[in-house]
Amino acid sequence: MQTTLFLIEITAILVFAYSGMIHARRSDFDYVGVLTIALVSAFGGGTLRDILLGNYPLYWIIHWEFIVYVLLLSPIALLALEFNKDFSSRRILMFIDALGLGLFTASGVGIALEMHTPALPASFIGVITATFGGVLRDVLSNRKPLLFQPTEPLNATCSFTGAWVYIVMLRLNFLPPLALILCIAVTFLFRTVAVIYNWRLPF
Amino acid sequence: MQTTLFLIEITAILVFAYSGMIHARRSDFDYVGVLTIALVSAFGGGTLRDILLGNYPLYWIIHWEFIVYVLLLSPIALLALEFNKDFSSRRILMFIDALGLGLFTASGVGIALEMHTPALPASFIGVITATFGGVLRDVLSNRKPLLFQPTEPLNATCSFTGAWVYIVMLRLNFLPPLALILCIAVTFLFRTVAVIYNWRLPF
Amino acid sequence: MQTTLFLIEITAILVFAYSGMIHARRSDFDYVGVLTIALVSAFGGGTLRDILLGNYPLYWIIHWEFIVYVLLLSPIALLALEFNKDFSSRRILMFIDALGLGLFTASGVGIALEMHTPALPASFIGVITATFGGVLRDVLSNRKPLLFQPTEPLNATCSFTGAWVYIVMLRLNFLPPLALILCIAVTFLFRTVAVIYNWRLPF
């Protein structure tokens, strides 16, 4: 169980970092820019979560091996992008991206509740953890955040739904690991279906 | 007294949220964007104040009913905006906006001083509390912050003046509630007159 | 030694503030904007360092005389800019700017290590301290961060190198003041040479 969660978390961080690099290259940034955007995409949401909760030391200071993984990924990813060969197909990337959304939502709500945050702000912190890495990425790239654009499929909405699944199940006395898995599953499935069928907010 | 302050604070948060929504609609954001910009406009300044002071837990985590009020306001406000009917006239909005500036200034300086912040940084934290919700709103909307534009009437200047009224009166041993009221009153009047007569910084 | 370090730190803060004002004037901001950008350029990196480390109270709240110096500098600098007479030549500004990069790198890594941050995240916090004042300046000015642009000479790279000089020398049991001086010297020289010969990242 622990190993599985750890593998998912690493995968999510790497996918968010990789998608950050793709965005950074489109902005014609140099390697410092690409690496910064990659790190901000991967760690920005969780860092914001810990700062809002006053949860110190930050997780990437304790688990600095996460930074090493992103550093090792970045030259490989850049080479792959240079030769215009996505080393993972768009479909696989989308799947892991949705998994990352679910995992970061679960970690955000979970840590917030552990620190005695009431349910409503805890659900917002879950959504911020899962989506604000991308918002910070767009702000540092001087773009309008993708998250707010009516042309994009549901994203924060899936995370918000997953967060409440977690909260409600804990209230109903489900076991925490079960609530965690269902939160990840619901967020993942909702997001995947939203992307495939291009569901958007009606307003 | 307590009830009056609470009503003013709620009003200020709702007005800042509403003005955030108007800005977000101009950026063609979807509901997630509109709601984020509304929450950031309303809670951004106070959140920055608490993070700069290390004042945990954040006030909207304790008083999460404030978030509920903004959530309840947002669909009503969106409907009103949709049918192009401001539910409050521009004049009333301007008055409450100036009141919000005064109240957030007072809360910023007050909490900073309580945490033994020296007068000068406390006055800056008052101004940040009152004005940086709007700056964060503009940053997330990928615009130049209105606060810095020479075409806008005095804003930070009014807040800074009010902050020093508060600090000086406390030094002169006035009662804290009296200093608070005068801080709010001076900021409010200064801002109102500045908007009506279009006072700007000369440089 | 202490006095020397203090003088360098004050100089670095003033140079970063001054270079922030030049940028702000190019954005056609009013005095509130110019002063905010100046303060963010000078104090933004160190503030981010302290927030990421949970190191409270922030240094400009304790040493608020630093703010006074920037406030005193700002009208003089604005007058100088108005009459188009840089009160320091471009060459001198570049030298002190490189010195500031070195000093902020050293202070970032030093404080991070003191708070038991592992070496890798400590080196990143050194780079963030030295460079993110400029990134925040660009974000608040609604520009793409200069730091990420392939047309600019090496900047974060020099800071990163200096940070590792500091870390490695401490590991080799050099005296901390010696490690500090070498960190500042390496960062300073690397940056100066990079600017003069226009060294850039090759990708």
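Two residues are taken to be in contact if their C-beta atoms, placed from the backbone, lie within 7 Å. The structure described here is a predicted model, in which local features need pLDDT of at least 70 and side-chain atom pairs count only at pLDDT 80 or more, while totals for chains, interfaces and linings use all residues. Residues are numbered from 1 along each chain as its sequence is written, and chains are lettered from A and ligands numbered from 1 in the order in which they are written. Helices (H or I, at least four residues) and strands (E, at least two) are DSSP runs, numbered from the N terminus.

**Relation between the chains**

**Interfaces with chain C**

- The contact between chains A and C takes 21 residues from chain A and 20 residues from chain C, and on the side of chain A the elements that give two or more residues are H2 (31-53), H3 (59-62), H4 (65-82) and H6 (119-140).
- H2(A) gives the most to this side of chain A, with five residues, and the side as a whole divides into 15 nonpolar, four polar and two charged residues; here Ala, Val, Leu, Ile, Met, Phe, Trp, Tyr, Cys and Pro count as nonpolar, Asp, Glu, Lys and Arg as charged, and the others, Gly among them, as polar.
- The contact between chains B and C takes 20 residues from chain B and 20 residues from chain C, and the elements of chain B that give two or more residues to it are H2 (31-53), H6 (119-140) and H7 (156-171).
- H6(B) provides the largest share of the side of chain B that touches chain C, three residues, and that side consists of 13 nonpolar, five polar and two charged residues.
- Only 15% of the interface residues of chain B are also interface residues in chain C, so these copies meet through different surfaces; for chain A the corresponding value against chain C is only 14%, so these copies, too, meet through different surfaces.

**Packing of H2 and H4 in chain C**

- Helix H2 (residues 31-53) and helix H4 (residues 65-82) of chain C pack at an angle of about 125°, with their axes 11 Å apart, where axes are lines fitted to C-alpha atoms, for helices over the stretch in contact, and angles run from 0 to 180 degrees between N-to-C directions.
- H2(C) and H4(C) are therefore oblique to each other, given that angles under 35 degrees count as roughly parallel, over 145 as roughly antiparallel, 65 to 115 as roughly perpendicular and the rest as oblique.
- Val34(C), Leu35(C), Ala38(C), Leu39(C) and Ala42(C) in H2(C) meet Val70(C), Ser74(C) and Leu78(C) in H4(C), and by class this contact has seven nonpolar, one polar and no charged residues.

**Local backbone features**

- The peptide bond from Tyr56(B) to Pro57(B) is cis, with omega near -10°, and Pro57(B) is placed in the loop between H2 and H3 (59-62) of chain B.
- In chain C, the peptide bond from Tyr56(C) to Pro57(C) is cis, with omega near -10°, and Pro57(C) is placed in the loop between H2 and H3 (59-62) of chain C.
- Asp28(C), in the loop between H1 (2-26) and H2 of chain C, has phi near 60°, a positive value in a residue other than glycine.
- Asp28(C) is exposed, with 12 other C-beta atoms within 10 Å; a residue is buried if 20 or more other C-beta atoms lie within 10 Å of its own, exposed if 12 or fewer, and partly exposed in between, with C-beta atoms placed from the backbone.
- His116(C), in the loop between H5 (90-114) and H6 (119-140) of chain C, has phi near 65°, a positive value in a residue other than glycine, and is exposed, with 10 other C-beta atoms within 10 Å.
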